[in-house]
Amino acid sequence: MEPISKSVVRKDHEPKMSGRSLYVGDYGNEGVLTGKFLRAKAARARILSVKVPELPPGYFYIDRRDVPGVNKVHIVMDDTPVFAEDITEYIGEPIAMVAGPDPKKVDELLAAIQVDWEELEPVLDIRKSDTVFFDYEYGKGNLEEAFAQADKVYEEEFSTGYQDQTYLETQAMMAEPEENGRMFVHGSLQCAYYVHTALMQALGCGPDEVHVLQDVTGGGFGGKEDFPSILGCQVAVAARKAGAPVRCVFDRREDLEFTPKRHPSLCTYRAAVKDGCVTALDIEVLFNAGAYTTLSAVVLQRGVICASGVYNIPNLHVHGKAMKTNTVPSGAYRGFGAPQTFFAVEMLMDHIAKDLGEDSLDFKERHLVKQGDPTSTSGVYHFPVPLPAMIDEVDAACDFRRKHREYALPQSGRFRRGIGMSMYFHGAGFTGSGERDIIKAVCRLLKRADGTVEILAANGEIGQGLRTTFPKIVANELGLPLDKVFYEHPDTARVPDSGPTVASRSLMIVGELLRRCAVRLKEEWRDGEEQVVEEHFREPDFMIPFYLDKFQGDAYPTYAWGVNAIEVEVDTYTGLTRILGAYGSFDVGTPMDEGIVLGQMEGGFLQGIGYASMESMSYDSRGRIRSNSFSDYLIPTAADVPNLKCMLHVEKYPDGPYGAKGAGELPLVGAPGAYVEAMEQALGGRVRLHHAPFTQEDAMKVIAKEGV
Ligand code: MTE
Ligand code: MOS
């Protein structure tokens, strides 16, 4: 272990544990108006008229007519309205806001508003949608020839459902007009500068007329990447109209029903097998994007790049589409499109191996990529691929190979066992040339005369430990004690744009920029003086340029790697499943803090286990999300945490700080493949499973149907 990996007490430990941390909902109420939404009640409707009752003094009705700039929220594209125009596209779409001092009165006023609307025909099935938001296609080799020469061809369809981020703190934003005419927007968010850019467009103002602060944030997991831009514009428009601070804090039901979640997916795989090897894959990936484009472009990009998994497939064709439906817009959740396609390819490899009568681990191992091999998009794996060693580590931890063969034999009795393994990567940083062409990160160190150093960057602590790991890097390089280096919550008025807190990029990309700042500051250090150093992102020289129009080149500079095994025991009388153990080997390069990284691995793995086994969310025939409380949408609780063993395998990345790679998202990605393979084994040799989550109800159905 490197010295920097040694765990320290987190800088946010004391304020969070003592309850002193102020979240946006904790600020005083005096003079602050509460905003609540008038929402569309049908999946697709034309608004004919809205009759607002007379409002008491101090109460405000805010809709699209109050937007001073453009009534579109800038995300990747600009189709999401700040407040709905004439046509609403999903149940819950905000039509207007009522803001006022007494939340109960606001509710009463909202209930008294009369909306006349005409219901329009919605599209709720992605297979029936005729609106393709994004369409990506790429390939290599000669697909036709490979299929023509195949010994055998397989075709299978895999599906995954929604997954909600279920952060502890719900979505919450606040806007405050300042005396100098500036608008101050703050709240629970991941990307201060995304909100800032969106506000300039909606308010029709310049960069200095608005500033955005990230408050203490109770988790994001991707869910606060785009949504705070929408809510931020809405509260800012309201605050401008009211001339007073306006705050919106969602309740859990609103949050579960009307905010983004992981894209449901439907993937069709066709595989050509020759001499016991997969020679070609022809893959169609469909993501349910919901009503607006929001982040679907970037989520789909990652999804299609990962569609062939960690396997070297010479002939490949991948076609991915993000389809519009009249449902709540899907968004980012830890893993960003990758968990969906990794699940599909892992199950496919397992099914082909079974059909060929081979152990699926042996089969997968024969196809693994290694250093120097081409990636799916004809880039190169520039650095060592540690998967074989990681597989051995997991095998040693749970006796995988023996159990996997033993449980494959016919089982009898009430309780049946299974074990499954998945292997995967997570490309670190923005996809393609995003870092170089779009983000162009800048960060600074401010050294004060008293010798303390402040980090000036826009990335947010969202639980992943950045407020501690950034200062650790800087303190280490400068040879200063950790309490001399500070990282406050970013305010766009004070910090440069070092990019968003997404794609597991902050630690690896911005962390390295900060390290370089610290190297320079050390060289130029002058006692007793205030000094500022600044660094800009530079793409590593070894990268093969990525072209998004062709999907060719290095999609990522490097990869974090994961191997997971999950062992289950199914009660065939009830379908109840017990996870006997979940084992993970994770390579995120050098850990910047062992405790923080292990916390990330355990938490993410558990979220993946929830995604694989119990987190079930869908909409009804009207397009309404039905699982809108924690009694309907079940996530793992403390009681569901299995025997969880996470191991760190270190393959250093030379362009990350001290060899660190992006860590945050990796641990979620592999659980569905490992869990569902284990369930398949426990349920018997004939069973083939194709969807996640695979719940206890699903297990019972298989048991009843197959007579297990
Ligand atoms: N861990 C906690 N505790 N809370 C979070 O919201 N978000 C995850 C991951 N780990 C998250 C988390 C997601 S979605 C991302 S992209 C990464 O952290 C961000 O890591 P970074 O700071 O290195 O960019
Ligand atoms: Mo993470 S899903 O990239 O915020």
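Lysine 440 is located in the loop that connects helix 12 (434-439) with strand 17 (442-447); helices (H or I, at least four residues) and strands (E, at least two) are DSSP runs numbered from the N terminus. Although lysine 440 is not a glycine, its phi is positive, at about 50 degrees. Proline 693 belongs to the loop between strand 24 (691-692) and helix 18 (696-706). Most residues other than glycine have a negative phi, and most peptide bonds are trans.

The model is predicted: local features need pLDDT of at least 70 and side-chain atom pairs count only at pLDDT 80 or more, whereas totals for chains, interfaces and linings use all residues. Residues are numbered from 1 along each chain as its sequence is written, chains are lettered from A and ligands numbered from 1 in the order in which they are written, and side-chain values use heavy atoms, with hydrogens and water left out.

Polar contacts are pairs of N or O atoms within 3.5 Å. In the side chain of serine 506, an N or O atom is 2.7 Å from an oxygen atom of ligand 1. A backbone N or O atom of arginine 505 lies 3.2 Å from an oxygen atom of the ligand, and a backbone N or O atom of glycine 463 lies 3.2 Å from a nitrogen atom of ligand 1. Taken alone, ligand 1 exposes 530 Å², 93% of which the protein buries (Shrake-Rupley method, 1.4 Å probe).

Six cavities of 30 Å³ or more are present in the structure. A cavity is a set of points, on a 1 Å grid over the protein atoms alone, where a 1.4 Å probe fits but cannot get out, and lining residues have an atom within 4 Å of a point. The largest cavity has a volume of about 170 Å³, and its 19 lining residues include Tyr90, Pro94, Phe227, Ile230 and Phe258, the closest to its centre. Helix 5 contributes the most to this lining, with three residues. The lining of the largest cavity consists of 13 nonpolar, three polar and three charged residues.

The second largest cavity holds about 70 Å³ of space. Among the residues lining the second largest cavity are Glu225, Arg302, Phe336 and Phe430.

Notes. A polar contact is a pair of N or O atoms within 3.5 Å; within protein, one must be able to donate a hydrogen and the other to accept it, and residues adjacent in sequence count only if both atoms are side-chain atoms. On a 1 Å grid over the protein atoms alone, a cavity is a set of points where a 1.4 Å probe fits but cannot get out, and a pocket is an open set with protein on both sides within 12 Å along at least five of seven lines; lining residues have an atom within 4 Å of a point. Grid points are joined across faces, edges and corners, and a volume is the space filled by probe spheres set on the points. Ala, Val, Leu, Ile, Met, Phe, Trp, Tyr, Cys and Pro count as nonpolar, Asp, Glu, Lys and Arg as charged, and the others, Gly among them, as polar.
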